[in-house]
Amino acid sequence: MSVSPLVWGLTIAGILAVIAVDLFLIHRNDTREFTTRRAAFWSAIYIGLAVLFGIGVWMFSGGRYAAEYYGGFVTEKSLSVDNLFVFMVILTRFAVPKHAQHTVLMAGIVIALVLRGLFIAVGAAAISTFTWVFFIFGAFLLWTAIGMVRGGDEDEVKENALLRWAKRVIPTSDDYDGSRFVTRQGGRRLITPMAIVMIAIGSTDVLFAVDSIPAIFGLTTEPYLVFTANAFALMGLVQLYFLLGGLTDRLVYLGHGLAFILGFIGVKLIFHAMHEYGVSWAPEIPIWLSLAVIAGTLAATTVASLAAGPKPSEKEAAAPVPLDEADATRDA
């Protein structure tokens, strides 16, 4: 698949334009809470844009690349559901006002999109140069899948190095100032907690990309498709957050379904690497089979989860922790 610099430039400009419309025009000076009805409307808009983009890929590059794009988009979208619970914990922990949640989430997504773009560029360069990277990606996905099945500290949000550095170095106010990221107190310009939460959202999402980027490279090695699938999945993530709301704690088997998908893609990557090294018995798993496995697994786990109901332990929300209290706890 050959993508000219002009097409890359137009695509990035289009994505930035959509984000700008969402962040600065539609929700500018909007103090209303982002309701489920509004979330459903804008989720439909974003999914429609993603589908239309895939149709464009099919028209200009053929069905194979369109299928790879759709497979990557569905995978990224499904893996992003895990992000939603972490986002809920972060917003609750920092007591973000409901009317400001859309702004801070959207700003965090912009940071995540930039960082993921760098991650994708490095991964694409490594894959194009070293075939054995597929073995590493495949093994990592299998290891991640096993860890998801065994379970872990999913309810705990640990601060990464970037967030710790920001809270230590950047002068921060204790109180929110509407949806502003910068405020003035006593003649000084201070960063509001909104900015800290934005950093937390963006940098935490990149940690999830450590799993999802190798997964999508198992479906397509085209950097353009990897980037656009990630972009469309991320752009609609904010709306999905408000749309699903408390539904995420009912998807009790989603983790097992995602583990199976990651394991399947991990095996696919290893088989592909073996095939590239001349192992004749290693099969090449076609994209249609990958799509069928992903869609079937998501459908089965969703139905089973909704039938089973939420786990009691997942109904409890995390208690808000003020920034100053969190800092005191950490320093102690």
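The structure is a predicted model: local features need pLDDT of at least 70, side-chain atom pairs count only at pLDDT 80 or more, and totals for chains, interfaces and linings use all residues. Residues are numbered from 1 along each chain as its sequence is written, and side-chain values use heavy atoms, with hydrogens and water left out.

Start with the whole chain. It has twelve helices and two strands. Helices here are DSSP runs of H or I with at least four residues, strands are runs of E with at least two, and both are numbered from the N terminus. Read from the N terminus, the order is α-α-α-α-α-α-β-β-α-α-α-α-α-α. The chain holds 332 residues, and 46% of them are buried. Buried means under 20% relative accessible area, exposed means over 50%, and partly exposed lies in between, using a 1.4 Å probe and protein chains only.

How much of the contact count comes from residues 24 or more positions apart? Among contacts with a separation of 6 or more, such pairs account for 80%. A contact means heavy atoms within 4.5 Å.

Now look at how helices pack. Two packed helices are described by the angle between their axes and the distance between the axes. Axes are lines fitted to C-alpha atoms, for helices over the stretch in contact, and angles run from 0 to 180 degrees between N-to-C directions.

Take helix H2 (residues 36-61) and helix H8 (residues 223-235). Their angle is about 165°, and their axes are 9 Å apart. H2 and H8 are therefore roughly antiparallel. The cut-offs are simple: under 35 degrees is roughly parallel, over 145 roughly antiparallel, 65 to 115 roughly perpendicular, and the rest oblique. The crossing of H2 and H8 is right-handed. A crossing is right-handed if the near helix is turned clockwise from the far one by less than a right angle, and left-handed if anticlockwise.

Which residues meet between H2 and H8? H2 brings Tyr-46, Leu-49, Ala-50, Phe-53 and Val-57. H8 brings Tyr-224, Leu-225, Thr-228, Phe-232 and Met-235. By class, nine are nonpolar, one is polar and none is charged. Nonpolar covers Ala, Val, Leu, Ile, Met, Phe, Trp, Tyr, Cys and Pro; charged covers Asp, Glu, Lys and Arg; the others, Gly among them, are polar.

H8 also packs against helix H4 (residues 101-129). The angle is about 165°, with the axes 10 Å apart. H4 and H8 are therefore roughly antiparallel. Their crossing is right-handed. On the H4 side, the contact residues include Met-106, Ile-109, Arg-116 and Ile-120. On the H8 side, they include Pro-223, Phe-227, Asn-230 and Leu-234. This contact has twelve nonpolar residues, two polar and one charged.

The crossing of H5 and H10 is left-handed. Their contact has 18 nonpolar residues, seven polar and no charged.

Stay with H10 and pick out two of its residues. Leu-258 lies in this helix. It counts as buried because its relative accessibility is 0%. The C-alpha atoms of Leu-258 and Ala-145 are 7.7 Å apart, although 113 residues separate them along the chain. Leu-262 is also in H10. Its relative accessible area is 1%, so Leu-262 is buried.

Next comes a loop. Thr-220 sits between helix H7 (193-217) and H8. Is Thr-220 buried or exposed? It counts as buried because its relative accessibility is 1%. Its side chain makes a polar contact of 2.8 Å with the side chain of Glu-68. A polar contact is a pair of N or O atoms within 3.5 Å; within protein, one must be able to donate a hydrogen and the other to accept it, and residues adjacent in sequence count only if both atoms are side-chain atoms. Leaving aside neighbours within four places in sequence, Thr-220 touches Glu-68, Leu-225 and Val-226.

Finish at Thr-75, in helix H3 (residues 63-93). Its relative accessible area is 0%, so Thr-75 is buried. A polar atom of its side chain lies 2.8 Å from the backbone oxygen of Gly-71. Not counting residues up to four places away in sequence, Thr-75 touches Ala-215, Leu-219, Ile-265 and Ile-294.
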